[in-house]
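Let's take a walk through this fold, stopping at a few places where the local geometry has something to say. Keep the viewer open as you read.

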Amino acid sequence: MAEILLTAVINKAVDIAGNLLLQEEMHLYSLKDDIDWLQREMRRMRAYIDDAKEKATEGDSRVKILIKDIQELAGDVEDLLDEFLPKIHQSSKCKGAICCCLKTACIPSHVSFANEFAMEIEKIKKRVFDIDRARTTYNIVDTSNNNSDCIPLDRRRLFLYAGETEVIGLDDDFTVLQAKLLDQDLPYGVVSIVGMPGLGKTTLAKKLYRHVRDRFECSGLVYVSQQPRGREVLLDIAKQVGVTEKERKDNLEDNLKSLLKTKRYVILLDDIWDVEIWDYLKLYLPECDSQIGSRIILTSRNSNIGRYVGGDTSLHVLQPLDSKNSFELFTTKIFHFANNDWASASPNLVNIGRDIVGRCGGIPLAIVVTAGMLRARERTEHAWKRVFESMGHKIHDECAKVLALSYNDLPIASRPCFLYFGLYPEDHEIRAFDLKNMWIAEKLIVVNSGNRREAEDLADDVLYDLVSRNLIQVAKRTYDGRISSCRIHDLLHSLCVKLGNESNFFHTEHSVSGHSYNVARLRRITFYSDNVMNDFFRSNPKLKKLRALFCFIEEPSIFSLMARLEFKLLQVLVVVVSEIFYQTDTIPNIFGNMSCLRYLRLDGDGLFIKIPNSVVKLKCLETLDVNYARIGNPLAHWESKQLRHLHYGLHIGNFGSFTNISQFCPNNKSSLPNNLQTLMWLPDRFFQPRLLHLLINLRKLGIQQVSDSTIKILSVSSPVTIMLPNTLEILKLYFSSHMKEQINLLCYQNVVKLHLRNLRMMPSNSVALPPNLVKLTLVDLKIDSHLLAVIKKLPKLRILTMYSCLYNEGKMDLSSDVNGDSFPQLEVLRFVLPDQLFEVTCTDDFSVPKLNKVLLEDVRSDIRLSERLARFKIPNVA
């Protein structure tokens, strides 16, 4: 996995080169030649590695040693760049000679860091020369391997052409697919069966193909593969559909196309990996949506392939089996060569069997492989229990080989992004916001322009690509359909852990070796146990190469350990405490020495962490998410010019003795992070007009303990609103008392998401909301006909959520009034813990015309829905 480290070096070299271009100092700019040389050399090595790793998998020890040498070299180069990059950022602030602050303790006072860097580059060049000398001296030259895929391809092809395979748990999928395939109006005439590896896509496609082929004049099934040869695929199709041997030799392509134009055919294309092969095949396969009614069935791990070939309507996304069907498949495979069944087994053995099946996560491949492994063992509780226990932290080799094909098909730059999922615990719901900002923080995502917005867009593209490849699943989406959070299947999580350990990309607490050499080279580590973490850090206080530390623990003991730990290259720190602690812990001042830290998240109910004033030293900090942290000096971290996302918790006491904006926000505008995009749950007492005027890139704003003075500032009646950032898209307001001021937010043309909590208005007051709202969330509000009339008129509102709201009139009428439309775009209506709501009605047929979901959650008493609304009720919402 040296290509991952090489990619990291290339990304960081690109970043440094961009900074050097801005330098006026010639002896800094001259280093650009060295950086450019690094980029070129690392790219060449990466290309070599991509070929050489195939030979290494065959067991060539010379290649393995060479790859290890390159991996170590790449790691050392990354260390050098990580130490150098902050100094480049810092030097951009200096004019004339290099600032003395850029000298380090290990460098003589008369030698600048630039000279030191040049000397280190010379050492790197010597090591590159040594690696190249070893490659030629020991004849490690021919790394190509044209036959590397022959064994797995042949096995796959044999399975495709084998006899009927029993399909268990996919009956509903089969019924849906058959109806779709035979539908005369099927767009493009294509059915695409997609999903993560191991779900049984080929098995299901074979059953479907064999069940319907007699209804067509000719048919064929072909295995396309990861490295297809287009003409061979056409030749295989031609043999099956009836093109004669002479016609195949004379002009294969034209004769095949001519035949299929006159025939109603069905063709199964199994295991398509890219669109290029389809672009070739479709030249000779007549369009399937013609009146003849020909059909294409395809299977792919990548949903985008199916979408490209047959459009969205062609997609059928296969899901893991439920527990009942999983155990039925397991039973079939366990008793494959025997006539007996579970009747002769002990209850304990049955229970262990169910536990084993549970570990397979509903993936048929894993169930079949595990059952085959168990058949080779005694059918005893002891033997099966050992298998169950061995499944805890590793993935079976057969499954790993199949899953690894999807990993190897990823672009090299996306591979570390996928492996990052392994740093989280199994079954963990992961916020997309966290993933993207951590990728950017670690320079896994870099754009040549250095533009942060472009980097975020690229991170979005990577995340969507992983979803389309069915390597991760979307858990939640935002109001506009973007990914809010995601999950990874346990088997794929195990693959991440396996590959992460092998490549030294990261280690878990289960895999980290006690060998001092391995520990010293740790780059990322994740802990799930307090005791393991405490013991590890007591023995290894200086992890100089550590880039990311994840702690999913019960107690906040990591903070007391920090006083003696040294993390000079740490870029990502995530601490999630699961137990409820009503105590205050203090991060030691040494925290400020983590000069490379870019992403910090502290989370846990009842956890209060006092962040020291030394946080002012964290000049590279980009994301600070301290949802449950007590801020020692709120001004300090605002001095980071790189700060993009700042998320405070909803706690009044989080800001110590600071009482006003003068202490919180200095007069000097240059001290503010004007790149700030997210500022969540800022206390009302710190909110002033000039704060908004300076935060020109703000996209998300949340204010707690909102007062009348703040409402006046935000109101359209205030002259300062003409200077509010037009980038603002999300606004969240948590009120503290009855509002005397009129609430008028009409000026916020770009706000599409609004969250109002605990709003109490005077009876005579009115509310005006942003006109382009897409999502509105109301929490602890009183809902009456006056407020409802305002909401009804919002022309773009698609999602309305009301949480713990009081309905004074006991009912909610969605019908139009005499003044026009009612909820013209509303799609989702959600009630959570409604108070005194007994009826929701809509008495006409033209109000809420686009409604498709009514959700009732945690309802204490029955709520009557009118007949039309009842059709959209989603049952059994927990």
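Helices and strands here are DSSP runs numbered from the N terminus, with helices being H or I over at least four residues and strands being E over at least two. This is a predicted model, so bear in mind that local features need pLDDT of at least 70, side-chain atom pairs count only at pLDDT 80 or more, and totals for chains, interfaces and linings use all residues. Residues are numbered from 1 along each chain as its sequence is written, and side-chain values use heavy atoms, with hydrogens and water left out.

Most residues other than glycine have a negative phi, and most peptide bonds are trans. Lys-443 isn't a glycine, yet its phi is positive, at about 60 degrees. You'll find Lys-443 in the loop between α19 (432-441) and α20 (452-468). Buried means under 20% relative accessible area, exposed means over 50%, and partly exposed is in between (1.4 Å probe, protein chains only). With 11% relative accessibility, Lys-443 counts as buried. Gln-705 also has a positive phi, near 60 degrees, and is likewise not a glycine. Gln-705, however, sits in strand β20 (residues 700-706), and its 27% relative accessibility makes it partly exposed.

Now for the charges. Side chains of opposite charge can pair when their charged atoms come close. Take a salt bridge to be a side-chain nitrogen of Lys or Arg within 4 Å of a carboxyl oxygen of Asp or Glu; a search of the whole structure then turns up 37 of them. One of these joins Asp-79 to Lys-545, with 2.3 Å between the closest N and O atoms. Asp-79 belongs to helix α4 (residues 61-91) and Lys-545 to the loop between α23 (530-539) and β11 (548-553), so this pair ties together parts that are 466 residues apart in sequence. Both ends are tucked away: Asp-79 is buried at a relative accessible area of 6%, and Lys-545 is buried at 19%.

Another salt bridge runs from Glu-253 to Arg-231, where the closest N and O atoms are 3.3 Å apart. Here Glu-253 in helix α10 (residues 245-261) is linked with Arg-231 in helix α9 (residues 230-241), 22 residues apart. Glu-253 is buried at 15% relative accessibility, while Arg-231 is partly exposed at 44%. Then there's Arg-431 with Asp-434, a salt bridge at 2.7 Å from N to O. Arg-431 is partly exposed at 31%, whereas Asp-434 is buried at 1%. Salt bridges that share partners also build one network out of Asp-76, Glu-78, Asp-79, Asp-82, Arg-127, Arg-521, Arg-523, Lys-545 and Arg-547.

On to the strands. Strands of a sheet pair through backbone hydrogen bonds, either parallel or antiparallel. Two strands count as paired if DSSP finds at least two bridges between them. β12 (residues 572-577) pairs with β11 in the parallel sense over 6 bridges, and Phe-550 has Val-574 of β12 as its bridge partner. β12 is also joined to strand β14 (residues 599-603), again running parallel, by 5 bridges; there Val-576 stands opposite Asp-603.

In a regular strand the side chains alternate between the two faces of the sheet. How many of the residues of β12 are buried? The count is 6 of 6, with Val-572, Val-574 and Val-576 on one side and Leu-573, Val-575 and Val-577 on the other.

A second stop is the open sheet of 3 strands in the order β31-β33-β35, with parallel pairing. β31 and β35 (864-865) stand at its edges with a single partner strand each, so one side of each has no neighbour in the sheet. β33 (residues 839-841) and β35 share 2 bridges, and Glu-839 stands opposite Arg-864.
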